[in-house]
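This report describes selected local features of one model.

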Amino acid sequence: MSARDAASEPLPVSADAHLQEILAGITPLAPDVRPLLEATGMPLAADVVAPRSLPVFDNSAMDGYAVRADEVAAATVDAPVELPVADDILAGDPRPHTLRPGSVLRIMTGAPMPAGADAVVPVEATDAGARRVRITAPAAPGAHIRRVGEDVTAGDLLLPAGEVLGPRQIGLLAGVGIEGVQVAARPRVVVMSTGAELVEPGRPLPAGSIFDSNSYLLTTAVRATGAVAYRVRATSDEPRQFLEALDDQLVRADLVITTGGVSKGTRDVVKAALSGEPRMRFREVAMQPGKPQGFGFVGDGTPLFALPGNPVSAYVSFEVFVAPALRKMIGREPYSRPLFRATLDAPVRSIPGRRQFLRGRFATGPSGPAVTPVGGHGSHLLGGLGAANALIVLGEDVEGLDAGAAVPVMLLDREY
Ligand code: AMP
Ligand code: MG
């Protein structure tokens, strides 16, 4: 590089500043009412108010007999109280029942309580009689009755906006009779690899070629955010072929991720193809891995992330830049993974001036959370990536740390 080139080279931007610029350009996708099972994993776009109370009506918590508590107050095993069984009430029974004094009604779990009864004697405290029943224990007033509204009250806030819909929330919504809720559209993300050397897994591997791991890795990472991913087979290093493939894909993309072709080689296809785009920017970010980054907008304003080609760089770039953008699109906060503290159990080193993301294996042991660096520094090291469940984050001012130091870590398999 000549002195003149070096002088015109822009200084690397910090990872934080790059992320803030990306987020400023990302617009959340419009919410709409979607069926419960299509809303799973998404944050609610609006508060949900309970349309009815739960339980909907007073009902029995046990299989047993609906009684008047005062009529069985003296019941014991030695001196049972015997009463006639006037009728059976099953779950789902729509008839209004009334308990007449001097009798009981056999009742099943979830069946509506009859008027006039104030307790349920579980079948275990009886001889289980069908026409007459011998009751061997008293029941306190209110015993084994589930009261209307004791769980959820109509008109109360059921779930607040922002709540992520997992199995428990979906079950609650279904339980109050709601069939659909307001959530954002799932972003449709096109994942494109570039490189003449790339071969589909399962195919023969010619000399000098490697298997395309990035498109599989990133498709999986995209889906883990709740977005929809379309994986495109690798394109060559011809800018024209890349642009044709991109053009084909834009109709179904809310966001595009490419990998490879953004560094300083002679065939940097993505950079060559897109550097003329007025809204694309290629720059160096002060981080490792993931120094060369491209971001901007193509077509009608579709965000495009041009990530570096090495698999570890591509993945770290996804976690640090792309996942926050996808979370902003669906209205899920926080955008970035939170950092936890862990104790390093081996020394690490870093390049000052760059934020370092080392692969690590995190575990909580007897002396608290600890992290072991796995693999090396190389951003081609897929084995270390596969063994990792955390990124150890070393700040721009850190040169190295000894074992025993406390470090911030991102836990890659944890919901946030
Ligand atoms: P590039 O910037 O395109 O030269 O890519 C940097 C390095 O990452 C090269 O060693 C590429 O072979 C490798 N690479 C690029 N794309 C992929 C991919 N999809 N899967 C695995 N390795 C890749
Ligand atoms: Mg390449």
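In which pocket does ligand 1 sit?

## Ligand site

Ligand 1 sits in the largest pocket. A pocket here is an open set of points on a 1 Å grid over the protein atoms alone, where a 1.4 Å probe fits, with protein on both sides within 12 Å along at least five of seven lines; a molecule sits in a pocket if more than half of its atoms lie within 2 Å of its grid points. Strand 12 (188-194) and strand 14 are the elements that give two or more residues to the shell around the ligand. Strands are DSSP runs of E, at least two residues long, numbered from the N terminus.

The model is predicted, and local features need pLDDT of at least 70, side-chain atom pairs count only at pLDDT 80 or more, and totals for chains, interfaces and linings use all residues. Residues are numbered from 1 along each chain as its sequence is written, chains are lettered from A and ligands numbered from 1 in the order written, and side-chain values use heavy atoms, without hydrogens and water.

Ligand 1 is surrounded by 16 residues, the closest being Glu197, Asp212, Ser213, Gly261 and Gly309; a residue counts if one of its heavy atoms lies within 4 Å. A polar side-chain atom of Asp212 is 2.8 Å from a nitrogen atom of the ligand, and a side-chain N or O atom of Ser193 is 3.4 Å from a ligand nitrogen atom. Ser263 places a polar side-chain atom 3.3 Å from a ligand oxygen atom. Of the 470 Å² of accessible area that ligand 1 has on its own, the protein covers 76% (Shrake-Rupley method, 1.4 Å probe).

Glu200 lies in the loop between strand 13 (198-199) and strand 14 (210-211). Glu200 counts as buried because its relative accessibility is 12% (buried is under 20%, exposed over 50%, partly exposed in between; 1.4 Å probe, protein chains only).

The Glu200 side chain forms polar contacts with the side chains of Tyr216, at 2.8 Å, and Arg231, at 3.0 Å. Such a contact is a pair of N or O atoms within 3.5 Å; within protein, one must be able to donate a hydrogen and the other to accept it, and residues adjacent in sequence count only if both atoms are side-chain atoms.

## Backbone geometry

Most peptide bonds are trans, and most residues other than glycine have a negative phi. The bond joining Leu54 and Pro55 is cis, with omega about -15 degrees, as is that from Gln288 to Pro289, with omega near -5 degrees.

Ala128 has a positive phi of about 65 degrees, and phi of His144 is near 60 degrees.

Definitions and conventions
Helices (H or I, at least four residues) and strands (E, at least two) are DSSP runs, numbered from the N terminus. On a 1 Å grid over the protein atoms alone, a cavity is a set of points where a 1.4 Å probe fits but cannot get out, and a pocket is an open set with protein on both sides within 12 Å along at least five of seven lines; lining residues have an atom within 4 Å of a point.
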